[in-house]
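Okay, everyone, thanks for coming. Let's have the model up on the screen, and then I'll walk you through it.

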Amino acid sequence: PLEQLPYLEVDDNQILVQSMAIARYLATEMNLTGTDTYEQVKVDLVLDLCKEFTDCFSIYVVPEMLYPTDEKEEIIQHFIDTLALRYLKNIEI
């Protein structure tokens, strides 16, 4: 569907694409979107941080997995020790 991954087919055969749109849809369906505006913003914050994290992972780690360089171990360790840790700390809300 639309040649995109991930995708989610919902009950009435409609297709959703884009990971953050799917995450927001699922959060709404499972009543995880918060009970007021502030809680809704906190949910959006976590989803946005997850998106930024995966983008950062794609920039630093994925190329080393696909086309390893001599610095592969150092680059991945730097990602884990600094970048990943920073994102994970920000999710603690």
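I'll go through the core, the cysteines, the salt bridges, and then a few tyrosines.

Quick ground rules before that. This is a predicted model, where local features need pLDDT of at least 70 and side-chain atom pairs count only at pLDDT 80 or more, while totals for chains, interfaces and linings use all residues. Residues are numbered from 1 along each chain as its sequence is written, and side-chain values use heavy atoms, with hydrogens and water left out.

Let's start inside. Which residues make up the largest nonpolar core? There are 8 of them: Leu-49, Cys-56, Val-61, Ile-76, Phe-79, Leu-83, Ala-84 and Tyr-87. By nonpolar core I mean a set of buried Ala, Val, Leu, Ile, Met, Phe, Trp, Tyr and Cys residues joined through side-chain atoms within 4.5 Å. Buried is under 20% relative accessible area, exposed is over 50%, and partly exposed is in between, with a 1.4 Å probe and protein chains only. The elements giving two or more residues to this core are H2 and helix H4 (72-91), and H4 brings the largest share, 5 residues. Helices here are DSSP runs of H or I with at least four residues, strands are runs of E with at least two, and both are numbered from the N terminus.

Skipping residues up to four places away in sequence, Tyr-87 touches Leu-49, Glu-52, Phe-53 and Cys-56, where contact means heavy atoms within 4.5 Å.

Now, the cysteines. How many disulfides does a search of the whole structure find? The count is 0, taking a disulfide as a pair of cysteine sulfur atoms within 2.5 Å. For Cys-50, the nearest cysteine sulfur is that of Cys-56, and it is 13 Å away. Are these two buried or exposed? Cys-50 counts as partly exposed because its relative accessibility is 30%, whereas Cys-56, at 9%, counts as buried.

On to charges. The whole structure has 3 salt bridges, meaning a side-chain nitrogen of Lys or Arg within 4 Å of a carboxyl oxygen of Asp or Glu. Asp-44 pairs with Arg-24, with the closest N and O atoms 3.1 Å apart. Asp-44 is in helix H2 and Arg-24 in helix H1 (residues 19-29), so this pair ties together parts that are 20 residues apart in sequence. Arg-24 also meets Asp-48, at 2.9 Å from N to O. Asp-48 sits in helix H2 too, so here the parts tied together are 24 residues apart in sequence. Then there's Asp-55 with Lys-51, at 2.8 Å. Those two are 4 residues apart in helix H2, so about one helical turn separates them. Through shared partners, Arg-24, Asp-44 and Asp-48 join into one network.

Tyr-60 belongs to helix H2 (residues 37-60) and, at 36% relative accessibility, counts as partly exposed. Leaving aside neighbours within four places in sequence, Tyr-60 is in contact with Ile-75, Phe-79 and Leu-83.

Tyr-7 lies in strand E1 (residues 7-9). Together with Leu-5 and Ile-15, Tyr-7 forms a nonpolar surface patch of about 320 Å² accessible area. Patches are built from residues with over 30% relative accessible area and no salt bridge, joining like charges within 9 Å and nonpolar side chains (Val, Leu, Ile, Met, Phe, Trp, Tyr) within 5 Å. The areas come from the Shrake-Rupley method with a 1.4 Å probe, and for residues only the protein chains shown count as cover.

That's my tour, thanks!
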